[in-house]
Every structure is written in structure tokens, then in C-alpha cells.
Amino acid sequence: MSSSSISVIQLSFSAQTKSLRYVGIFFFLLGLPSASLLSGTLDIAGRIDVLANRLALWYEYAPLIASLIREGFSPPTIEETTGISGVEQNRLIVGAQVRDSLVQSNADPDLLAAFETGGAELLYEIRLLSASQRVAAARFLVENRCDGKAAQELARAMKDFPSRRGDKGWESFDYTLPGDCLSFMYYRQGKEHRNPSEQRTSALEQALRVAETEAARNVILEELEGKGEEGDTVGEGEAAARVSVVRLRIGEVAEASSVVLLPVSAAEEREILEAPFESRSQGEFGVVVAEKGWGKWVVLPSWDPVVGLGKGGVVVSFPDARVLPWKVNRWYKEEPILVVANRSNREVGADHGFYLVNSDAEGLKVQRGFALKEKGFTQSLGTVLLVVRPPKEENDELSDEDWE
Ligand SMILES: *[C@@H]1O[C@H](CO)[C@@H](O)[C@H](O)[C@H]1NC(C)=O
């Protein structure tokens, strides 16, 4: 050992402390158990030794990784010499910084104690939240014994919540409470499914389980009991609409357990008619074979309305949402949309159904069944199944500060 101010004490410890699996020895810095002291007193070999043998608590040795990087070590070199993978190095450094911010925010000692022997992967996930949100989120994670994936979901729900202002039910959820933010996300997801459907009920029940306020629970219960206005996703006062508006999340396609590949057409009748009608996946690799060559395709998660959209599916891209027949909110003029339609079903049927039509006066539009019937239309270019909004830019990248 290079530092005389450190004594080594052999300790045994319980097997269930996950992140300390490999630790055989704790370091006790006499009198001053501070992380900065560790890097201040140890030379490079000493730091590598502490890291390789995990000779401190995780948040004490995490800054040593950052200090080695500052000395010019690359993450792969550190991995080679210490056995801590690059991903883990990142989690430890950022997790320790988030833990520091909990200390700065005067988080309760019992909350900090819960992260004493591990939890960097949880704290890492809440790095993009504000200081006060981090304290609330950390407590929620501990109390609900969340894993990294749940932590990521929570952070996403909390970050996303303010931008949903104006969505139905939003004001009944309390943005300062992590459970309510998460609940609102499930509530929203539930409403994207067909009513009634198993997925819808199970998402709403999940929302109910995590909701923290009475107001939120009431809104969810109303929805569960069917009192919630159907079709609210398409705008105010649109009773019984049969189409959902969904915002794609960044990374959602990659995370989806199943996806659909659909041809994309410009908002033009000729192209919509020409786009390949069918594509199949074939052989052991599921190679997708389209009936003809086509230039533009999109992959979407297999959301409820598009599941089984085999023959006739097409995605029409519009520069903004003014082609939709319902009330125009602010975003309608700001964002491009994709309209997913079923060309196998072109008959104008339900009054409240939505259809793609090309009317000479207005060009290509989405119109309601009853409006078309009034005008004597019986055929459309296709039944509209879903409207997709683009993923919103969220600065999910690690900034330099996250690396110190
Ligand atoms: C598309 O329309 C056809 C014909 O009506 C129907 O059989 C099929 O289920 C529809 N697909 C979807 C995903 O709605």
C-alpha cells in the first residue's frame, strides 16, 4: 500500500449486498473518510489498486476513475487494469455525482444509507432530473425496490410530465410526486390501447397502483370504470373517435418487442395507391420481401391498432397535422405527422371512423365518416388506424459535466 495514512481491515460481509460482491476488504481512512482525500493521497498505482480490489465504498472509489481519466487513462485501459467495464465506470462516476447532489440537497441520512453499498445504476438513471426531483425519485426507487429499468422509466416519466400539460387528466396528477408522474405515463399508455382491451386495463391498473394522490386515483378509476370520455386522445369533445394519436418516444422502436415495417407515401393519391400492398417476412431470418421495389419505409412498434396490419397498410407523411379534422391545437402546425391507414378497408363505414380522402377542393385529408357520407362519398383511400407524432428532442446525452 502506498499510503501510510490508510489501514486495511479485513471484513466479512453478507452475500446479498449486490454491488459489493467482489469486495473482500474495506478501507478505513483514519479520521477522514472522504473521496477527494482518496485521490489526493494515492499515486496512480495506489488508485488502480483501490479500484481493482474495490477497496472502498463505491462512491468513494468512483472519483478515482474520473481522476485517472484526467491523468490521460482511457476507459478501456482502466477496464483492463481494474476489471471495471466502461459502462460501469460511467455509471459509477455519474452515480457518485448524483449521490453527492443528494448530500448537497440535505437528503435524509436514511435515504443516503440506502445507497451506501450500491445503487450507482439507479442514481445514474435519474441524472437528468433537477436536484429536488432527484431526492424524491431516489426515495421512490428505494421504497419501491426498483431496478435500473424501472429507474429509467421513472426518470423518463418525471422529465416528460411537464410537456404533457393540456393532455386530458394531466392537472389531476401532482408533478412533485414521482408516483403521480409514473402513474400519468401508464394512464396515458393505457388510453392508447383499444377500449376495451386487456392491455388498456392492465396499464390503467398499473397507473392506479403507483398513483400517490387521491385526485390522480379518481381520474384513473373513472377511466377504468368507463366514465372517461372515449376518444379524448384526438382532441377536446371528440366523443367516440376510433383513432389514437401517439407520440413516438426516442428509443421506443429499439425497445419494442415486436415491430411492423410499412411503406411510406407522400401525401399524394397516386403514391398512396402505388405503394406496395403487401410485404412478408420469409425464411429463417424473417427477411422482409415486398411485392415491389419502394423507396421509403418506416418501422413502428406493433401498437394495438396496427397489429396484424398485413395487407394494405400504408403510412402517409404529412408536413403538419392540419389535415386532421379535429380542433387545431398549437402543436398541429409545428410537427410533421404520420397517418397509418388500411387500404384493405376503403369503404366509408362508421360515422365516427376516420378516412383518408382526396377531395379536389382541399387535397388529401383525413375526414370523418359522417362528413364523407353527407357529401356522398362511399369509398376512401383507406381507413385511418393511427396518427403518429415524432419523438421529441430530449437532451439525453451525457454532457461534459456528467463526466466532471
Ligand atoms: C384492414 O382491413 C381489412 C379489411 O376490412 C381487415 O380485415 C383488417 O383487419 C384491417 N387491418 C387492421 C389492422 O385493422
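Trainee: Is N106 buried or exposed, and why?

Mentor: The call rests on counting neighbours: a residue is buried if 20 or more other C-beta atoms lie within 10 Å of its own, exposed if 12 or fewer, and partly exposed in between, with C-beta atoms placed from the backbone. N106 counts as exposed because it has 8 C-beta neighbours inside 10 Å. Bear in mind that this is a predicted model, where local features need pLDDT of at least 70, side-chain atom pairs count only at pLDDT 80 or more, and totals for chains, interfaces and linings use all residues. Residues are numbered from 1 along each chain as its sequence is written.

Trainee: Where does N106 lie, and what is its phi?

Mentor: Most residues other than glycine have a negative phi. N106 is not a glycine, yet its phi is positive, about 55 degrees. N106 lies in the loop between α5 (86-104) and α6 (109-114); helices (H or I, at least four residues) are DSSP runs, numbered from the N terminus. R145, also not a glycine, has a positive phi of about 45 degrees. R145 sits in the loop between α8 and α9 (148-160), and is exposed because 7 other C-beta atoms lie within 10 Å.

Trainee: How many residues does the largest nonpolar core have?

Mentor: In soluble globular proteins, nonpolar side chains tend to be buried together. Here a core is a set of buried Ala, Val, Leu, Ile, Met, Phe, Trp, Tyr and Cys residues joined through C-beta atoms within 7 Å. The largest has 57 residues, and A137 and L154 have the most contacts inside it. Helix α3 (residues 58-70) supplies the largest share of this core, seven residues. Leaving aside neighbours within four places in sequence, A137 is in contact (C-beta atoms, placed from the backbone, within 7 Å) with residues including I126, L154 and P178. Apart from this core lies another, of 34 residues, among them I272 and V388.

Trainee: Which residues are around the ligand?

Mentor: The test is a C-beta atom, placed from the backbone, within 6 Å of the molecule. G308, L309, G312, N342, S344, N345 and L385 are the residues around the ligand.

Note on methods. Helix = DSSP H or I, 4+ residues; strand = E, 2+ residues; numbered from the N terminus. Contact = placed C-beta atoms within 7 Å.
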